[in-house]
Protein chains: 2
Amino acid sequence: MSGEDAPAQQQNAEEQKQQPQETKTLDESPKTESKPDPPPASASTEAAAATPAPAAEKAPEEDTFSYRALVLTGYGGYDKVKLQVKKGKPTLKSGEVMVRVKTCGLNFADLMARQGLYERLPSPPVTPGMECSGIIEALGEDVTDRKVGDKVLVLNRSGMWQELVVVPAVHTFLMPEGMSFEDAAALPVNYITAYLMLFDFGNLRPNQSVLVHMAAGGVGIAATQLCKTVNDVTVFGTASASKHEIISEGGVTHPIDYRTRDYVEEIRKINPKGLDIVLDPLGGSDTHKGYNLLKPMGKLISYGAANMLAGQKKNLFAVAKTWYQQFSVHTLSLIQGNRSVCGFHLGYLDSETELIAQAMSVILDLYQQGKIKPRIDSTYHLEQIGDAMRRMQERSNIGKIILTTEPMKEEEKKEEVKKDEEKKKDDKKKDDKKKDDKKKEEAKKDEKKKEEPKKEDKKAEEKKEEVKKEEN
Amino acid sequence: MSGEDAPAQQQNAEEQKQQPQETKTLDESPKTESKPDPPPASASTEAAAATPAPAAEKAPEEDTFSYRALVLTGYGGYDKVKLQVKKGKPTLKSGEVMVRVKTCGLNFADLMARQGLYERLPSPPVTPGMECSGIIEALGEDVTDRKVGDKVLVLNRSGMWQELVVVPAVHTFLMPEGMSFEDAAALPVNYITAYLMLFDFGNLRPNQSVLVHMAAGGVGIAATQLCKTVNDVTVFGTASASKHEIISEGGVTHPIDYRTRDYVEEIRKINPKGLDIVLDPLGGSDTHKGYNLLKPMGKLISYGAANMLAGQKKNLFAVAKTWYQQFSVHTLSLIQGNRSVCGFHLGYLDSETELIAQAMSVILDLYQQGKIKPRIDSTYHLEQIGDAMRRMQERSNIGKIILTTEPMKEEEKKEEVKKDEEKKKDDKKKDDKKKDDKKKEEAKKDEKKKEEPKKEDKKAEEKKEEVKKEEN
């Protein structure tokens, strides 16, 4: 609960890294590797961190204990996240619980983290993942409000993409009756993010208007559903045209295809006075556009820099550009416009246990009342983490991407190897197409430069970027 | 109601300036001057602005009609606001009402305006004043929800410091039974400002903590009272020690003497994690301090630059310094801190009629329930506007300073002349003391420089400024 938890966790994570554990190879999986690796991320309390369990105390049965875990081995492309086997039963500190994981959620921060763009993930080798659901398997001392067998959803700074996790009991929440493990893993990050943005910073009220970017993404769908819990809220949602039907059914009042339309113009046509709330996960020039769309007493809530993600590996140009175009604002501009600019990231809120618990409680209530329901886009095995990340990064998903810890069947695995080869070919094709497109666009640009004033050029460049974003 | 009202008003004000009206001298008042002057500020609707009433239509009785008005004749010291007589009955446009003014409210923006630091006041000669209370004397066409004799409070962009005002009916609000004209003129600006900051941007909830600067000022007292309408809110209030008893009685949990204490340190001692809401009317370095005091999900609401006001006339050094130290923030900092920075100024919200009406309705309800009650610091005659402004600028007031349109009695006026001479002497003394203090402080500073590292020097300088602020 205290702001001082974070440094303690960091320190703890580092301590663990200094004690490499035994691992064994799992021959059955084509993707499984065996490497010395840290045990499951454990966000300990300060008191526990002060008294680490000595390695010498291990019981013999713990040596034969093993579980599979995804491990980020270094920053880069999809192949940097590898399936490994961790050995040795993790010890439980006071206040902690051990959870046998059923499903995990994939988030944008995980993609940023793989490229080294998310500082809240400890440096590799490390198990990523901020959320999962599963069943409590063991309790540490002083845990009174959980019991073995409880079905829980878990929110943690990192380390959730593995079969077994050890976390403070306060980071777990009881799953309501009838909730699937998929829904449970899909709730925490997206819905707490959307909830705190809309109702704490945004102060959303009836008759207001909200812009939701990436409206078919996890936060986008959560935000749309939460907007619909308030009377007469107008939701503008950007997404590619193929997703419009689904997001409209989900509650988006005005879907906008940002690839073929200027979303600012479209919104101004419908709401000439502007918007009450803009949720901005993109960063860069889109933050400026969002700010200019605010009406008096409007709130811009920035919660990411998805514009930095252009391609599988870190794209220095996209990072530098997003950084360079980063929005900054003077109080005088805010005063004269009666505007608010907020920043949100759940990853920096992990010490605010009480705030998170309150939000989670409301969200679980809304779920039970049937007012919200995560849309599961697809479920992947841990072995397929690369495909799962690719789907998200290429914005092919509509809703949440889930990982299941259930092992793949043998025949599925063989299929997987074939697909893998095809995908590599496909990636090459995409790269070639990108190069081709770039050439074409540059040729176009040259032509335009001859014809049109500079201002028009800028617009074309912006559109080009938006097309790129969709393709990557 | 539309955002396009503002330019129309501006245009209208300019039109009016091009038609100077007759004025006559009022010998009785030592301060009264007679000059060609614009009629009362009329914030017309667009429709009305499109069809200005031709001057030729004036009835003979209108020529003998006159009323007293305060007029800002140019930017500068207290003497730039002069009492003049305007002649000619103002014409009413559709949707407007004429109000016989009883009392007017004084606001910080009026002090800024006199020094040329508030762009929402049309340029001189112009009648300042954003709020008043009085009795409706005439109705324009299409006004159905007001009648002659209604007691109203009025909120307008400017032009309220005179005996007679013409405003759109939507800028008037019916006074509840039993409300005094003083209370009515004290409510609009301070309470709407405090209300929208705390409950729209701030989203104040039980158990939260709020920093209220200038806690003995009009907005400060309104904010404290509104905080107390929410359970268990902790209010930190800065004010000089002599005002602590009164602001404590008014609801401030922790009064802090900013002249002798570092308010940041004092707050950290009590709330190590920081604050949920900081209301910042000061600007400059205080905005930075406020931002750093925010806890996660905390909101900084900047609503002025009182630090720019140092002395009776524009202090270029203070203006430049406040401007130079103006707070600006990047979205990345906001994201990593989960913070919000908002800007508020009622003067830029005048076209948001519906929003204002909603806020005013809640405020009048709270007043009737006895949950809020303006604290009237003092009441001045129009003739004493200089004294009234001086009292506010020197931060001598505890609560609201009110102007009454009731003329001064003869014997009071004679007293006034004597006092005036004394005040001029006093001002000279203050100036001399300031120069003296400066010399002394510089001598001290030189000594300190020899003894202490640079960091300490900075602290001393800050303290010095705070002392100055109090003295001015």
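Which residue of E14(B) does A:His330 stand opposite? Here are some notes on this predicted model, starting with that contact between the chains.

1. **The strand pair across the interface.** The residue facing A:His330 is B:Ser328, in E14(B). Behind that detail is a pairing of strands from the two chains: E14 of chain A, residues 328–330, runs antiparallel to E14(B), with 3 bridges between them. If you open the structure at this spot, you have a handy starting point for the rest of the interface.

2. **Extent of the interface.** On the chain B side, 41 residues make contact with 41 residues of chain A. Among the residues of chain B, B:Met297, B:Thr331 and B:Ile335 lose the most area to chain A, and together they account for 17% of what that side buries. The size of an interface is often given as the accessible area lost when the parts come together. For chain B and chain A that figure is about 3,500 Å², with 56% of it on carbon and sulfur atoms.

3. Side chains of opposite charge can pair when their charged atoms come close. There are 6 salt bridges across the interface of chain B and chain A. One of the pairs to look at is B:Arg205 with A:Asp200, whose closest N and O atoms are 3.1 Å apart.

4. **What chain B brings to the contact.** Several elements of chain B each supply at least two residues to the side that touches chain A: helix H6 (188–201), strand E13 (294–302), strand E14 (328–330), helix H12 (331–337) and strand E15 (340–343). Sorted by class, that side has 19 nonpolar, 15 polar and 7 charged residues.

5. **A salt bridge within chain A.** Over all chains, the structure holds 31 salt bridges. One of them joins A:Asp183 and A:Lys373, with the closest N and O atoms 2.5 Å apart. A:Asp183 lies in helix H5 (residues 181–186) of chain A, while A:Lys373 is in the loop between helix H13 (353–368) and strand E16 (376–381), so this pair ties together parts that are 190 residues apart in sequence.

6. **Backbone details.** A cis peptide bond links A:Pro124 to A:Pro125, with omega about 0 degrees. A:Pro125 sits in the loop between helix H4 (108–114) and strand E5 (131–139) of chain A. In chain B, a cis peptide bond joins B:Pro124 and B:Pro125, and omega there is about -5 degrees. Please also check A:Asn338, a residue other than glycine with a positive phi, near 50 degrees. A:Asn338 belongs to the loop between helix H12 (331–337) and strand E15 (340–343) of chain A.

7. **Confidence.** The model scores ipTM 0.79 and pTM 0.80. For chain A the mean pLDDT is 83, and 76% of its residues reach 70 or more. Residues 1–58 of chain A stay under 50 in pLDDT, and the model has 113 contacts beyond four places in sequence for them. Residues 448–472 of chain A are also below 50, and this stretch has 31 contacts in the model beyond near neighbours in sequence.

Technical notes. Residues are numbered from 1 along each chain as its sequence is written. Chains are lettered from A and ligands numbered from 1 in the order in which they are written. This is a predicted model: local features need pLDDT of at least 70, side-chain atom pairs count only at pLDDT 80 or more; totals for chains, interfaces and linings use all residues. Side-chain values use heavy atoms; hydrogens and water are left out. Contact means heavy atoms within 4.5 Å. Buried area is the accessible area (1.4 Å probe) that two parts lose on being put together, summed over both. A salt bridge is a side-chain nitrogen of Lys or Arg within 4 Å of a carboxyl oxygen of Asp or Glu. Helices (H or I, at least four residues) and strands (E, at least two) are DSSP runs, numbered from the N terminus. Ala, Val, Leu, Ile, Met, Phe, Trp, Tyr, Cys and Pro count as nonpolar, Asp, Glu, Lys and Arg as charged, and the others, Gly among them, as polar. Two strands pair if DSSP finds at least two bridges between them. pLDDT is the predictor's confidence in each residue, from 0 to 100.
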